[in-house]
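Good morning, and thank you for the time.

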Amino acid sequence: MNDRPGELPRAMESPLAQEGVELVVVVVGNGCVSAQVPAGVKTVALAENVGIPEGRDIGARGVEGELLFFFDDDAVLPGADVLVRLAGALLREPGLAYVQPRIADPGTGITVRRRLPRLRAGDPERPGVVTVMAEGVVMIRRDAFDAAGGRPGHFFLFHEGVDLTWRPWDRGGTGRYLPDVVVHHPATEPARHDRFHRLNARNRVWLARRNLPAPLVPLNLTAFVLLTLWRSRDRAALRATAAGFRGGHGRRAPMSRHTVIRLTRAGRPPIV
């Protein structure tokens, strides 16, 4: 969006310096013509800001390749072997749909809880199978991405990564967290967005109504409401939560009961 003139050049340098992989890079200007883009990098200029999930998916549709790597414009790959290591993990294990590196703040080295793709987040250096992703820095198989239909663009912001991961799981795939592969990303707060409470609540509701078997929808939303009440007494947040229960979630495609069991065995039942 041309609002990170200091970060974008650094973000662009690191993927272009990667070794052992063949890359096609595309930068999406979300409501703008992207500035500071190096020569040889494709660009897509969108007339309006269509939101993060739709912007990322438009970029994905503009390139070919066996693997897709999504990369925020304020992130940095600290080594030249990051992409080849992520790609190697996917290519060695055909059942993997996506791999998630460890995302660490460049100043402190800390991995904040929300960027750990598991419920038990005490040890950010513990690898393993995971059922969600931090969608700003992740590698996914192209065929898994296409079969999932990409992200729900109408979400605009928040929870689109969970939607994207549940669908490959419903097709027999898995995800893996690789903490020995580190990517730098500032530990910014999602609440900095002025629409945080409304979109966070609305999309959590939409996520459940799009993807869960009917008996699990009320369980998921009850857990969400209880957590919201426990964490916050903000009336605006509570009003946003209530508003999210009204329509708009898009095509309903509930996961199978077998997928619910697989997700539960993997450590994250789809009600939390």
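Let me begin with the aromatic rings, where the count comes to three pairs. The rule takes rings of Phe, Tyr and Trp (its six-membered ring) as a pair if their centres lie within 6.5 Å; planes under 30 degrees apart are called stacked, those over 60 edge-to-face, and the rest tilted. Please keep in mind that this is a predicted model, in which local features need pLDDT of at least 70 and side-chain atom pairs count only at pLDDT 80 or more, while totals for chains, interfaces and linings use all residues. Residues are numbered from 1 along each chain as its sequence is written, and side-chain values use heavy atoms, with hydrogens and water left out.

Which residue does Arg151 meet in a salt bridge? The partner is Asp57, with an N to O distance of 2.9 Å. A salt bridge here means a side-chain nitrogen of Lys or Arg within 4 Å of a carboxyl oxygen of Asp or Glu. This pair links distant parts of the chain, with Asp57 in helix α2 (residues 52-61) and Arg151 in the loop between α4 and α5, 94 residues apart. Helices (H or I, at least four residues) and strands (E, at least two) are DSSP runs, numbered from the N terminus. Both Asp57 and Arg151 are buried, where buried means under 20% relative accessible area, exposed over 50%, and partly exposed in between (1.4 Å probe, protein chains only).

The whole structure holds twelve salt bridges. Among them is the one between Asp74 and Arg4, at 3.5 Å from N to O. Since Asp74 lies in the loop between β3 (67-71) and α3 (82-92) and Arg4 in the segment before α1 (7-16), the pair ties together parts that are 70 residues apart in sequence. Asp74 is buried, with a relative accessible area of 8%, whereas Arg4 is partly exposed at 23%. Arg4 and Asp74 also belong to a network of salt bridges with Asp73.

A further salt bridge joins Asp163 and Arg167, whose closest N and O atoms are 2.9 Å apart. These two residues are four apart in helix α5, and are therefore separated by about one helical turn. Asp163 is buried at 0% relative accessible area, and Arg167 is buried at 7%.

Next, the backbone. In the loop between α4 (142-148) and α5 (160-170) we find Phe158, whose phi is near 90 degrees, a positive value in a residue other than glycine. Phe158 is buried, with a relative accessible area of 12%. His159 is placed in the loop between α4 and α5, and has a positive phi of about 70 degrees although it is not a glycine.

Finally, the overall form. The chain has nine helices and seven strands, and 48% of its 272 residues count as buried. Its C-alpha trace spans about 50 × 40 × 35 Å along the principal axes.
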